[in-house]
Structure formats: C-alpha cells, structure tokens
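Take a look at the model below. This report walks through its helices, its core and its charged pairs.

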Amino acid sequence: SELRDLVTDAADKRRMRIYLERLAEILNDGTQNRYVRLGTLTRPLFTLARERSRGNNEPVEENRAAIMVLSAYANGKDLHDVVDRDIRPNRRNVLLNKRIDTAKHFLAAAVLSMSGQSTLVEMVGLAKELQDTHDGSGFSFIDLAADEAGALFGKAAISSNDRARHVQEVLRQTDDESLFIPVLKDLPESMSEEEFVARYKDVGSPEFEAETQKIRDRIRGLPIYQP
C-alpha cells in the first residue's frame, strides 16, 4: 500500500504506533456512536504532535505520522501490519463537513501530497469524477475540493519546521474543521455526463477553470494555508 511505502524505517513505525495508540484511546471509550468528526480526532493528535515536537524538534515527522494514521483510519485500512503491533481503534465513520466521502478524499489526498504527488492528486481526483459521470454517482466538485484541500493540508503540515509547528498550533486549540476546509455544500455535484457537458463543456474549458479557481481561492483563503 502507499502507506507501507511511506513508512521507511523503525523510527517511522514507532512514531505511527504512538499516534495509533492515541487514536485508540479516543475511540475505544465505550461509546457506541457510529460516527466521529475529523476535528474531534485532529485536535488531540496534533496536540500530541506539538508536545512531542517540543522534545525532539521533529515537527515535520510528527505531523506526517499523525496524518498517515488519520488517513488510514478514515479510509478503513488497518495499520497493525505497518506498526508491528495489534492496535485496533474501534471502527467508526469519520465525517468532514458532515460527510464520510469528504473525509476520505481529504485525508487520502493529504498522504499523496506528503509523498510529493500533489499533481497526481489532481489527476486521480479528476479522473475519478469523470468516471463517476458514467457510473451513476455523477461529477462532484465537492469531492474535487476535498482533494484540493487535502493536498494543501498535507503540504502545509510538512513543508518546513515552522509551517509544521503553525499547523500544530492551529489544530491543537480547537476541533473547528473550518480552519482547514471551507464550506463546500453549495458546490455542484451528482452531475450526469450530459449535465456536466451542458454546464462546463469539458475539463479544459474557461467555465470549468473558473469553477475550479473559485474553489482554490476559497481553500487558500483559510489561515492554516497562508504562507
């Protein structure tokens, strides 16, 4: 898997194990709720990242481990074979903007971006949405926006020690998800191929570019993504 490829040494495994243990503490609390907001998970994990970074001066590595654990969990992947320890957080659906698919897109894109594949994020996301116009669920700018925000999130979290600490500082203070993803519910989604062509012609058209630029501007306006 892409996660196993990113875990390169014993230090990575130990670090991820610590975040997976923290995630299990949060989720194995006896409640039977089927859903958990991503913000409920980012706050304690990035609080832990900040605490550990103060001791080891490795905020980039701490953020990477936290995001990889969150992404694996939200996308239904077990990590016990990656961290070599049988740690299994209770299974719940992770919500972002009150949607499961948004959380999955956001966190998967963050991991791809951290591996230096942010352009691939756009290509894969766009290809999937175009395929969806044929397969029934329809083209979704919400999913594309989640990919875009996730890629920026992953990049901001590890681009430098200062940026990494900034992300930790913002996320440890609140579980408010609007700090890292804007409201997206007004964006077009579930468009059939015919509707997409009628409104946007194709993915290279000025109409399509205007819509995607509007989304990028909305995301990049959030404080966590400011340089």
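How many salt bridges does the structure hold? It holds 20. A salt bridge is a side-chain nitrogen of Lys or Arg within 4 Å of a carboxyl oxygen of Asp or Glu.

This is a predicted model: local features need pLDDT of at least 70, side-chain atom pairs count only at pLDDT 80 or more, and totals for chains, interfaces and linings use all residues. Residues are numbered from 1 along each chain as its sequence is written, and side-chain values use heavy atoms, leaving out hydrogens and water.

**Charged pairs**

| Pair | Closest N to O distance |
|---|---|
| Glu 189 and Arg 99 | 2.9 Å |
| Arg 216 and Glu 148 | 3.6 Å |

Start with Glu 189 and Arg 99, which form a salt bridge. This pair links distant parts of the chain, 90 residues apart. Glu 189 sits in the loop between helices H9 and H10, and Arg 99 in the loop between strand S2 and helix H6. Helices (H or I, at least four residues) and strands (E, at least two) are DSSP runs, numbered from the N terminus.

Next, Arg 216 forms a salt bridge with Glu 148. Arg 216 lies in helix H11 and Glu 148 in helix H8, 68 residues apart. Both residues are buried. Buried means under 20% relative accessible area, exposed over 50%, and partly exposed in between (1.4 Å probe, protein chains only).

Glu 169 and Arg 172 are 3 residues apart in helix H9, so about one helical turn separates them. Glu 169 is partly exposed at 27%. Arg 172 is partly exposed at 26%.

Helix H11 covers residues 206-220. Its buried residues include Phe 208, Ile 215 and Arg 216. Seen down the axis, the buried residues of H11 fall within an arc of 135 degrees, so they line one face of the helix. The arc is that of the directions from the helix axis to the C-beta atoms.

Helix H4 spans residues 59-74. In H4, 14 of the 16 residues are buried, so the helix is largely enclosed by the rest of the structure. Gly 76 follows H4, with a positive phi near 75 degrees.

**The core**

The largest nonpolar core has 64 residues. Such a core is a set of buried Ala, Val, Leu, Ile, Met, Phe, Trp, Tyr and Cys residues joined through side-chain atoms within 4.5 Å. Phe 153 is one of those with the most contacts inside this core. Among the residues Phe 153 touches are Phe 46, Phe 106 and Tyr 225. Contact means heavy atoms within 4.5 Å.

Terms used: The expected span of a helix is 1.5 Å times one less than its number of residues. Lists of a residue's contacts leave out its neighbours within four places in sequence.
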